[in-house]
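Please look over the model shown here and work through the questions below with it in view.

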Amino acid sequence: MNKPTKTFIGIDPDVDKSGVAFLSGNNLRLQNLKFFELFDYFKTLKKKGYNPVIYVECGFLNKSNWHKSTGKSAAFNAKIGERTGANFETAKKIVEMCEYLKLEHYKIKPTRKKINNDFFKNLTGLKIRTNQEQRDAYMLIHGR
């Protein structure tokens with residue numbers, strides 16, 4: 001089985017399930033994986049001889065990470081901060097996972113705006129339904 005020379009993986013970290021985009025040649029797969037499913041996925045890729053280049057969205061690289069909704073309660077804003085911090089920690093752990101498995105990886109500062117499913121379909125030619133995490137993961141590797 002011939003493996004393409006370049007395989008790219010984009011990851012949009014999330015506490016519950018991270019969006020994962022896998023691109024190898026013309027083969028694009030989108031998934032949502034729990035943390036240890038992602039670990040198993042990486043180990044399987046390595047075992048099969050793939051040497052992916054991984055791009056992890058790292059929101060903690062943004063200068064300000066204060067997420068306050070005006071007109072909302074302090075408890076509401078605290079919950080947003082809690083989820084944001086948990087997602088930041090997930091990103092840090094995914095980077096640590098890449099280091100542990102000796103996978104080439106890059107921490108990417110989020111700069112792009114969110115894209116909708118119709119825009120994604122036009123961009124990729126895929127006619128499947130996707131979620132925001134999968135689209136964000138793909139945008140990390142688009143054009144590489």
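Q: Which residues do ring pairs link into a cluster with F22?
A: In this predicted model, ring centres have to lie within 6.5 Å for two rings to pair, and by this rule the count comes to nine aromatic pairs. Among the rings joined in this way is F22, and the cluster that contains it also takes in Y41, F42 and Y50.

Q: How is the pair of F22 and Y50 classed, as stacked, tilted or edge-to-face?
A: The two ring centres of F22 and Y50 are 6.0 Å apart, and the angle between the planes is 75°. Planes over 60 degrees apart fall in the last of these classes, so the pair of F22 and Y50 is edge-to-face.

Q: How many residues apart in sequence are the parts that F22 and Y50 tie together?
A: F22 belongs to strand β2 (residues 18–24), whereas Y50 sits in the loop between α1 (35–47) and β4 (53–57). Both F22 and Y50 are buried. Because they lie in these two places, the pair ties together parts whose separation in sequence is 28 residues.

Q: Is F60 buried or partly exposed?
A: F60 lies in the loop between β4 and α2 (74–100) and pairs with F88 of helix α2, with ring centres 6.5 Å apart and planes at 75°. F88, at 15% relative accessibility, counts as buried. Buried requires under 20%, and F60 has 24% relative accessibility, so F60 counts as partly exposed.

Q: Which residue lies over the face of F60?
A: A charge sits over a ring if NZ of Lys or CZ of Arg is within 6 Å of the ring centre and close enough in direction to the ring normal, within 35 degrees. R29 lies over the face of F22 at 4.1 Å from the ring centre. For F60 the corresponding distance is 5.1 Å, and the residue is K92.

Q: How many of the five residues of β4 are buried?
A: From β4, V53, Y55 and E57 point one way, while I54 and V56 point the other way. Residues on both sides are buried, so β4 is largely enclosed by the rest of the structure, with the count of buried residues being five of the five.

Q: What is the bridge partner of I54 in β5?
A: β4 pairs in the parallel sense with strand β1 (residues 7–12) over four bridges, and there I54 stands opposite I9. Strand β5 (residues 104–108) also runs parallel to β4, joined to it by five bridges. Within β5, the partner of I54 is H105.

Definitions and conventions
Residues are numbered from 1 along each chain as its sequence is written. This is a predicted model: local features need pLDDT of at least 70, side-chain atom pairs count only at pLDDT 80 or more; totals for chains, interfaces and linings use all residues. Side-chain values use heavy atoms; hydrogens and water are left out. Rings of Phe, Tyr and Trp (its six-membered ring) pair if their centres lie within 6.5 Å; planes under 30 degrees apart count as stacked, over 60 as edge-to-face and the rest as tilted. Buried means under 20% relative accessible area, exposed over 50%, partly exposed in between (1.4 Å probe, protein chains only). Two strands pair if DSSP finds at least two bridges between them.
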